[in-house]
Amino acid sequence: MFEKVQIAPPDPILGLTEMFKADTNPDKINLSVGVYQDAQGKTPVLATVKEAEKRVLEKENSKGYLPMTGEPMYCAAVQELLFGEGHEIIASKRAATAQCPGGTGALRVAGDYLHTVHPQAKIWLSNPTWANHSTIFAAAGMKCEKYDYRDPATNGLDFDAMCASIKAVPEGDVILLHGCCHNPTGIDPTPEQWSVIADLLAERGILPLVDFAYQGLAAGIEEDRAGLQILTKKVKQMLICSSFSKNFGLYRERTGALTIVADDSEQASTVMSQVKLRIRYNYSNPPSHGGQIVATVLGDKALRAQWIEEVADIRNRINEMRHLFVQTLKGKGVEQDFSTIIEQRGMFSFSGLTKEQVAKLREQYSIYIVDSGRINVAGMTPDNMDRLCEAIKSVL
Ligand code: LMR
């Protein structure tokens with residue numbers, strides 16, 4: 001059976017991490033995968049997570065299966081974080097949440113549900129988008145289309161083109177929107193633009209699927225809900241795929257969720273019954289540990305307040321690196337304008353570096369950046385900044 005199998009291409013993001021790990025250069029820099037590093041270049045376990053883990057281990061008295069939709073306390077915490085305490089969607093029970101193995105797991109469950117229950121629906125992805133979006137939905141059997149997003153001339157949002165694209169999306173299709181911290185560009189719509197987008201979706205009967213993996217990394221936990229809140233005011237039905245990889249640093253614990261927002265609670269349960277089938281065929285029920293950590297932190301007033309501070313530290317460090325990066329390049333006399341990076345939000349920015357320049361950085365300087373030129377700003381530190389900018393200057 002296996003003789004004729006050909007080697008698969010490396011993953012455009014995780015494949016680079018494998019190369020980075022194998023690189024023996026002590027000065028190597030990893031700006032590829034979206035994983036936060038502190039000023040010492042380490043990916044820490046949050047203090048609130050450590051404390052919650054202690055409490056969870058003390059209390060845990062069974063390793064029995066979780067329900068297919070996961071831990072109910074966790075699902076309630078997810079909804080509260082997405083919509084805010086006491087929100088109408090929560091009070092009227094017109095949302096249903098399933099704990100999923102990471103944001104990726106949630107996206108795949110959503111794709112399986114959409115493809116089997118709404119087989120005509122295509123999914124529209126921003127151009128560009130996270131490299132794994134199209135492969136996840138294609139693997140689920142969905143047809144993927146693109147809508148305009150970034151304007152290469154300004155390295156900002158081409159909002160007119162985005163709206164024109166949305167106007168061409170047929171009724172009954174699905175559009176994937178990034179809740180905040182657009183991956184890979186770091187460019188988000190303003191609240192006014194979210195409002196126009198929401199009107200267009202409502203008018204045209206397009207189902208939004210919001211990928212919300214970076215809540216808290218743009219402006220704050222509550223602030224980063226702005227887009228989602230505008231959307232929920234104007235559009236009744238949607239899917240939300242969320243993740244605690246970044247804002248809790250729970251990457252390897254695979255802690256995500258799929259939330260269905262429906263017209264009413266009965267419709268939400270009906271849709272969830274279909275989602276549950278797809279979960280059962282796929283991984284049966286989710287892993288428990290990450291969900292217990294999140295539910296413990298968010299359910300304890302003091303831990304929750306401390307966690308909000310920890311997320312602020314992550315966000316502030318990334319923003320400091322955005323400024324330092326632009327300043328250092330300027331200080332080295334680099335003429336190419338990188339200043340838009342300061343306005344972008346979250347972990348990522350589009351550097352404008354070409355595939356060839358990215359390859360040179362990797363081969364000559366052991367600096368790892370995704371081929372598209374996307375850089376993980378959270379991989380920059382005060383210590384690696386000079387070397388990084390010197391190398392970029394030399395390949396420009
Ligand atoms: C990224 O875009 O680098 C992250 O979301 C991690 C991943 O799984 O690709």
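Mentor: Let's start with a cluster: Glu-51, Lys-54, Arg-55 and Asp-300 are linked in a network of salt bridges. A salt bridge here is a side-chain nitrogen of Lys or Arg within 4 Å of a carboxyl oxygen of Asp or Glu. Keep in mind that this is a predicted model, where local features need pLDDT of at least 70, side-chain atom pairs count only at pLDDT 80 or more, and totals for chains, interfaces and linings use all residues. Residues are numbered from 1 along each chain as its sequence is written, and side-chain values use heavy atoms, with hydrogens and water left out.

Trainee: Which residue does Glu-51 form a salt bridge with, and how far apart are the closest N and O atoms?

Mentor: The general idea is that side chains of opposite charge can pair when their charged atoms come close. In this model Glu-51 pairs with Arg-55, with 2.9 Å between the closest N and O atoms. The two are four residues apart in helix α2 (residues 47-59), so about one helical turn separates them. Helices, by the way, are DSSP runs of H or I with at least four residues, and strands are runs of E with at least two, numbered from the N terminus.

Trainee: Where do Arg-55 and Asp-300 lie?

Mentor: Their side chains also meet in a salt bridge, at 2.8 Å from N to O. Arg-55 sits in helix α2 and Asp-300 in the loop between α11 (289-298) and α12, so the pair ties together parts that are 245 residues apart in sequence.

Trainee: Does Arg-55 count as buried, exposed or partly exposed, and what is the cut-off?

Mentor: Buried means under 20% relative accessible area, exposed means over 50%, and partly exposed is in between (1.4 Å probe, protein chains only). Arg-55 has 32% relative accessibility, so Arg-55 counts as partly exposed. Asp-300, at 22%, is partly exposed too.
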